[in-house]
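Work through these exercises with the structure open beside you. Try each task before reading its solution.

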Amino acid sequence: MGLTGSNRRSFLKQVSAASLSILASTYFTAEVMADSIDNLPENPAALLNAVKVNLRVNDTVKPLTLDSRTSLLDALRERLGLTGSKKGCDHGQCGACTVMIDGKRHLSCLTLAATCENKEITTIEGLAKNGKMHPMQRAFLTHDGFQCGYCTPGQICSSVALLEEAKNGEASYVTEDLRDIKANLKLSEEEIRERMSGNICRCGAYNNIVQAFKQVHSGNDKMPTWEFATAEQMQKAKNA
């Protein structure tokens, strides 16, 4: 049965109203959650569960009013305009969002901004000093430790933090003897690959990344050694 003239007009009005509501909702959400810090009010009345947080980022304190559920990654990118930290999987699996908090590497997509009150946060933008790149940044350029570059900020932040982990003698999954761990570790290629395994490079620049890290870590700029696994090695790995 077809719609009468009256019913058709009512139906079209309802559809138009619903469409406008969806449009307004999308625009409103984008304005509140994705605008730059310069264009957002200091106290956004539209935010639910609003909290005030002083984020100390790259030696500068940034007071923000945020939804308590805002991730550090979103706060850095959407509110502070620090877009070097990349949103890859947004599930803590790729490492593209890695930053350093109090010298330790953290996945900013899984870290609530509200938990970082007055902690020292360092992003890729904060590594260069006085116009000079960090040695790790220079090494990545020298050894072409990237292709598309999307994962590179997280890779570099993770590498810089790893330098301190080695200096402090922190253990990893492949540390041979947990009872005998010394400071100023000289990491093998196996150790470097294991400790950097949380940072995924879809371009496959892993060998060059290891080479860049080795140059800064030990002064060894030789190409990483690798070879195809033998049948015996594959069987051993399968049974491990």
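A strand here is a DSSP run of E with at least two residues, and strands are numbered from the N terminus. By that rule, T122 is found in strand 5, residues 120-122. Keep in mind throughout that this is a predicted model.

**Exercise 1. Get an overview of the fold and of the confidence in it.**

Solution. 
- Step 1. Start with the elements: the protein has seven helices and five strands.
- Step 2. Turn to burial. Of the 240 residues, 36% count as buried.
- Step 3. Look at contacts with a separation of 6 or more: 51% of them join residues 24 or more positions apart.
- Step 4. Check the confidence. The average pLDDT is 85, and 79% of the residues score at least 70. Over residues 20-38, however, the pLDDT is below 50. In the model this stretch has 19 contacts beyond near neighbours in sequence. Where pLDDT is low, the predicted coordinates should not be read in detail.

**Exercise 2. Decide whether T122 is buried or exposed, and find what it touches.**

Solution. 
- Step 1. Take the cut-off: buried means under 20% relative accessible area.
- Step 2. Apply it. T122 has a relative accessibility of 19%, so it counts as buried.
- Step 3. List its partners, leaving out residues up to four places away in sequence: N58, V99, M100 and L127.

**Exercise 3. Describe the largest nonpolar core, then look for another.**

Solution. 
- Step 1. Count the members: the largest nonpolar core has 23 residues.
- Step 2. Pick out those with the most contacts inside it: L127, M136, I156 and F213.
- Step 3. Ask which elements give two or more residues. They are helix 3 (135-142), helix 4 (152-168) and helix 6 (206-218). Helix 4 gives the largest share, seven residues.
- Step 4. Zoom in on I156. Leaving aside neighbours within four places in sequence, I156 is in contact with I124, L127, M136, Q137 and F140.
- Step 5. Now move away from this core. Another one lies apart from it, with 15 residues, among them V57, L64, L66 and I101.

**Exercise 4. Find the buried residues of helix 2 and what covers them.**

Solution. 
- Step 1. Go to residues 72-79, which form helix 2. Its buried residues are L72, L73, A75, L76 and R79.
- Step 2. Look at the cover. It includes strand 1 (50-57), strand 2 (60-67), strand 3 (98-101) and strand 5.
- Step 3. Step just past the helix. There G81 takes a positive phi of about 70°.
- Step 4. Go back to the loop between strand 2 and helix 2, where S68 is found. At 25% relative accessibility, S68 is partly exposed.
- Step 5. List what S68 touches, not counting residues up to four places away in sequence: L48, N49, V51, L112 and A114. One of these, V51, is 17 residues from S68 in sequence. Their C-alpha atoms are 5.7 Å apart.

**Exercise 5. Examine two residues with a positive phi, D144 and N184.**

Solution. 
- Step 1. Check D144. Its phi is positive, about 55°, although it is not a glycine. D144 lies in the loop between helix 3 and helix 4. With a relative accessible area of 41%, D144 is partly exposed.
- Step 2. Check N184. Its phi is also positive, near 55°. N184 sits in the loop between helix 4 and helix 5. With a relative accessible area of 53%, N184 is exposed.

**Exercise 6. Describe the second largest pocket and the largest cavity.**

Solution. 
- Step 1. Size the pocket: it holds about 190 Å³ of space.
- Step 2. Sort its lining: four residues are nonpolar, two polar and six charged. Among them are V174, D177, L185, K186 and S188.
- Step 3. S188 and K214 are 26 residues apart along the chain, with C-alpha atoms separated by 8.8 Å.
- Step 4. Turn to cavities. The structure holds one of 30 Å³ or more. The largest cavity has about 40 Å³ of space.
- Step 5. Look at its 13 lining residues. C89, D90, C94, C97 and C109 lie nearest its centre. The lining divides into six nonpolar, four polar and three charged residues.

Terms used:
Residues numbered from 1 in each chain as written. Predicted model: local features only at pLDDT ≥ 70, side-chain atom pairs only at ≥ 80, totals over all residues. Heavy atoms only, no water. Core = buried A, V, L, I, M, F, W, Y, C linked by side-chain atoms within 4.5 Å. Buried < 20%, exposed > 50% of the residue type's maximum accessible area, 1.4 Å probe, protein only. Helix = DSSP H or I, 4+ residues; strand = E, 2+ residues; numbered from the N terminus. Contact = heavy atoms within 4.5 Å. 1 Å grid on protein atoms, 1.4 Å probe; cavity = no way out; pocket = protein on both sides within 12 Å on 5 of 7 lines; lining within 4 Å. Points joined across faces, edges and corners; volume = space filled by probe spheres on them. Nonpolar A, V, L, I, M, F, W, Y, C, P; charged D, E, K, R; others polar. pLDDT = per-residue confidence, 0-100.
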